[in-house]
Amino acid sequence: KLTILCLCVLILLLSLSACTVKGVTGDQWLLMQEPYMNDLQSFADGIDEVYSLYINGSITKEDFCNEVSVLKDQYCILKADYELSKENTYILPESYSYAAQRGVNGIENIYRIFEEVLSESFDEYGNPLPKSEISYLYLLKGQEINSCLADYITAYQIISSETEVNKNDN
């Protein structure tokens with residue numbers, strides 16, 4: 001269901017946007033991802049709120065299921081927008097620095113981990129796992145996200161400083 005919704009959103013976004021081809025380096029492309037990372041930060045705040053409320057018993061199981069359903073829809077839109085950006089931007093071959101590649105891997109892994117959190121919080125029947133398991137899963141995945149975010153931030157800072165030095169040299 002999540003995959004079908006994501007595909008529908010992606011097709012809709014593709015049909016609404018003009019496909020343009022831009023040639024950018026891997027470093028430039030990583031710097032262009034800042035708005036998507038800001039959107040992911042807002043999304044992470046929403047997940048934190050819903051999961052914290054549920055784990056602490058402040059919302060019911062039904063409310064948790066409804067809120068996660070909304071989060072899944074938001075995730076699909078964010079992911080489709082990001083994928084569309086990748087498809088519409090031509091990245092020059094062999095132009096990725098090590099830092100850019102680490103940063104891009106960090107972004108890709110953050111999306112993957114968010115999807116895992118949203119899907120692995122439920123059993124095969126669609127029922128939420130016990131709160132203790134959700135708490136453990138969320139803690140574990142949160143640590144993974146922090147590690148991936150550190151990779152992105154470090155890469156972004158390295159590339160930004162190199163870009164600034166290059167501007168000053170010219």
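I take buried to mean under 20% relative accessible area, exposed over 50%, and partly exposed in between, with a 1.4 Å probe and protein chains only. The model is predicted, so I note that local features need pLDDT of at least 70 and side-chain atom pairs count only at pLDDT 80 or more, while totals for chains, interfaces and linings use all residues. Residues are numbered from 1 along each chain as its sequence is written, and side-chain values use heavy atoms, with hydrogens and water left out.

Entry on cysteines. I looked up disulfides (a pair of cysteine sulfur atoms within 2.5 Å) and found zero. Cys65 is partly exposed at 25% relative accessible area, whereas Cys148 is buried at 9%.

Entry on aromatic rings. I counted eleven aromatic pairs, using Phe, Tyr and Trp rings (the six-membered one for Trp) with centres within 6.5 Å; planes under 30 degrees apart are stacked, over 60 edge-to-face, and the rest tilted. Trp29 and Tyr82 are tilted, because their planes stand at 55° with the centres 5.9 Å apart. Trp29 lies in helix H2 (residues 26-31) and Tyr82 in helix H4 (residues 61-88), so this pair ties together parts 53 residues apart in sequence. I take helices as DSSP runs (H or I, at least four residues), numbered from the N terminus. Both Trp29 and Tyr82 are buried.

I then looked up Phe43 and Tyr75, a tilted pair at 6.2 Å and 45°. Phe43 and Tyr75 are likewise buried. One aromatic cluster includes Trp29, Tyr82, Phe43 and Tyr75.

Key: Helices (H or I, at least four residues) and strands (E, at least two) are DSSP runs, numbered from the N terminus.
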